[in-house]
Amino acid sequence: MTAQRTAVALLLAAATVFAQQPAQLPTFSESVEVRVLNLDVDVTDAAGNPVTDLRKDDFTVQIGGKPVPIDYFALINEGTFHAPDLATAPPERVLSTYKQAEESAYVPRNFLIYVDTGYLPPGLRNRALSTIRDFTTRLGPNDAVRVVLFDRAPRVLVDWTTSKELVMAELAGMEKETVGMSRLQTQEQTIAMINGFSGSRRTLGSRIQLAQQYGQEVGAEIQDMLGSIQRELVTLTPLNGKRAFLFVSGGYEYQPGYVMAQYATGNYLPSMSNIDVRQVPERINAMIQKANEVQVTFYTVDATGLTGEGTPAGEGSPATNVLAIEQRPNLRFAAQQDRQTPLQMMATDTGGLALLNTNDFQQGLSRIYKQVSNYYTLGITLSKLGITGYQKVDVTVNRPGLTVRSRKGWAPMTESQKIETRALATMETDLSYSAIPAKIETAPATPDKKVYLLPITVLVPAEALTFVPQGEKESARAEFYIGAVDDKGNTSPMNRQETTFEIPAGKPKAGAFVRYAAQLQTKKGNYRIVVNVRDPQSGKMGTARANVHIE
């Protein structure tokens, strides 16, 4: 199954100038482009405690197998820059901080909490959620949180907010929900069908077919989830500071259907010809690469924890304690390894932590809190690299006995890719850019065969754009990123348009607006139109939204 798209298309657009209109839009954040790669590096001793006395010369960074110079270096200790590190920190980190005192500045932490209930019985889910609520109380006033629940499909419970009370209330409400366990239930049902009825086991061919169907059904749901996670990564990109993705799950199968095929055939190494598993590993690798590109770190939690032998599936570890699989110790290990492998990959390859095989979630989340609050940030000027494509990243220190965690890969993004990614984030969330206070006006939609044509006009303050004198005229270029979201959360493709506004030379710009007219093709329904305006000369952006009902 692929991500759903709304039936919205941009048909045509035109620019006009100067209308006198007031405009004031609420905003959330503003982003500044700096051509520096920031590598956050966690260094701990043998006891797991942060090491905070290293210098720049103690680190070595290799990208694509080649050493690169470290141009900026700073220690973030308890979430704060301290002098003299402010003078040597990467520019983007300094720009994103909140000043606390004359010689210190706080780095905000952004947590996307994503709860996958596919393999989580309510009891295990609630145990993890209770600990996450306690974890939330430790966040600072400038830390932001977004909460997403995946139960067969993604559902945003809390959009980006700094309100800890709102987040805790939604997490408490999630504990009362009885749905979930979709992949666990599918597993139990498949095992029951493989075993047959009245003690009569099915033929080998029939059992293999059931395992294949299981792999396809579970694999499709996992792919939907991975697509959702990759879209959620985009929502972190406009946020300044530390970007953390907390993934709470019972794990998910790296090779959907493989362990079920082992059970169905009685063979610990079944032929993979009947089980299609290639797409899930490929999607996982693509998701990890995207996380590294946008500098997001995964922290993964296997909420099944440790359970005793013979624990019923409804209470214990899902993929390993279903009665039929539990009778075969080799399958128990294979099932656990298969569902934990993606969690380990997500955390290790992005420089995070994977909490596996533990019931002490309080201590585990405390380790995560330490890592997002205590780390080194290394800045590397991109113009010195001259590399393209995804590259392996390796960070080491010259002091023995220490553990170093940092992302294992990175790829440079073009300016246009960065801008489009940030524009997409404003479609998926309520985040806004504020430097250009644009506004959308809509006119009534008119029927056009099986669709409707919706005229929109974007009003942009003339003084927010960079006008350049050209004889008797002044001209300014502007980029428009236009998209729509329906009331089910489905998004349209992002459409980029560029235009040039011209005005008489010397004409006052204060209080004046330029207009950009476009026509959208839609079907019936409720839509949120999102337009991002960018001034390419200054790099400033602004976000405007309008809700429309088409009938």
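Visitor: Which residues of helix H12 are buried?
Guide: Happy to start there, keeping in mind that this is a predicted model. Helix H12 covers residues 361–373, and its 13 residues reach 18 Å from first C-alpha to last, close to the 18 Å expected at 1.5 Å a residue. Buried here means under 20% relative accessible area. The residues of H12 that fall in that class are Phe361, Gly364, Leu365, Ile368, Tyr369, Gln371, Val372 and Ser373.

Visitor: How many helices and strands does the chain have?
Guide: Stepping back to the whole chain, 54% of its 551 residues count as buried. Among contacts with a separation of 6 or more, 75% are between residues 24 or more positions apart. The secondary structure comes to 13 helices and 27 strands.

Visitor: Are H6 and H8 roughly parallel or roughly perpendicular to each other?
Guide: Good pair to look at: their axes come within 10 Å and cross at roughly 10 degrees. Angles under 35 degrees count as roughly parallel. H6 and H8 are therefore roughly parallel.

Visitor: How do the residues of the contact of H6 with H8 divide into nonpolar, polar and charged?
Guide: On the H6 side, the contact is made by Gly219, Ile222, Gln223, Leu226, Gly227, Ile229, Gln230, Leu233 and Val234. They meet Gln279, Val280, Arg283, Ile284, Ala286, Met287, Lys290 and Ala291 in H8. The division is ten nonpolar, five polar and two charged.

Visitor: And H6 with H13: are they roughly parallel or roughly perpendicular to each other?
Guide: Helix H6 runs over residues 204–236 and helix H13 over residues 415–428. Their axes come within 7 Å and cross at roughly 105 degrees. An angle of 65 to 115 degrees is the range that decides it, so H6 and H13 are roughly perpendicular.

Visitor: Which residues in H13 do Arg231, Val234 and Thr235 in H6 meet?
Guide: The residues of this contact divide into three nonpolar, two polar and two charged. Val234 of H6 is also among the residues that meet H8. In H13, the partners are Thr421, Leu424, Ala425 and Glu428.

Visitor: How far apart are the end C-alpha atoms of H13?
Guide: H13 has 14 residues, which at 1.5 Å a residue should span 20 Å. The model agrees with that expectation, as the end C-alpha atoms are 20 Å apart.

Visitor: Is glutamate 221 buried or exposed?
Guide: Glutamate 221 is found in helix H6. Beyond its neighbours within four places in sequence, glutamate 221 is in contact with Gly118, Phe150, Arg152, Ser182 and Arg183. Its relative accessibility is 13%, so glutamate 221 counts as buried.

Visitor: What is the phi of arginine 152?
Guide: Arginine 152, one of the contacts of glutamate 221, lies in the loop between strand E10 (144–150) and strand E11 (154–161). At 43% relative accessibility, arginine 152 counts as partly exposed. Although arginine 152 is not a glycine, its phi is positive, at about 75 degrees.

Visitor: What is the relative accessible area of lysine 449?
Guide: Lysine 449 sits in the loop between strand E20 (446–448) and strand E21 (451–461). Its phi is near 60 degrees, a positive value in a residue other than glycine. Lysine 449 is exposed, with a relative accessible area of 83%.

Visitor: How far apart in space are glutamine 289 and tyrosine 390, C-alpha to C-alpha?
Guide: Glutamine 289 lies in helix H8 and is partly exposed, with a relative accessible area of 31%. Along the sequence, glutamine 289 and tyrosine 390 are 101 residues apart. In space, C-alpha to C-alpha, their separation is 7.7 Å.

Technical notes. Residues numbered from 1 in each chain as written. Predicted model: local features only at pLDDT ≥ 70, side-chain atom pairs only at ≥ 80, totals over all residues. Heavy atoms only, no water. Axes fitted to C-alpha atoms, helices over the stretch in contact; angles between N-to-C directions. Helix = DSSP H or I, 4+ residues; strand = E, 2+ residues; numbered from the N terminus. Parallel < 35°, antiparallel > 145°, perpendicular 65-115°, else oblique. Contact = heavy atoms within 4.5 Å. Nonpolar A, V, L, I, M, F, W, Y, C, P; charged D, E, K, R; others polar. Expected span 1.5 Å × (residues − 1). Buried < 20%, exposed > 50% of the residue type's maximum accessible area, 1.4 Å probe, protein only.
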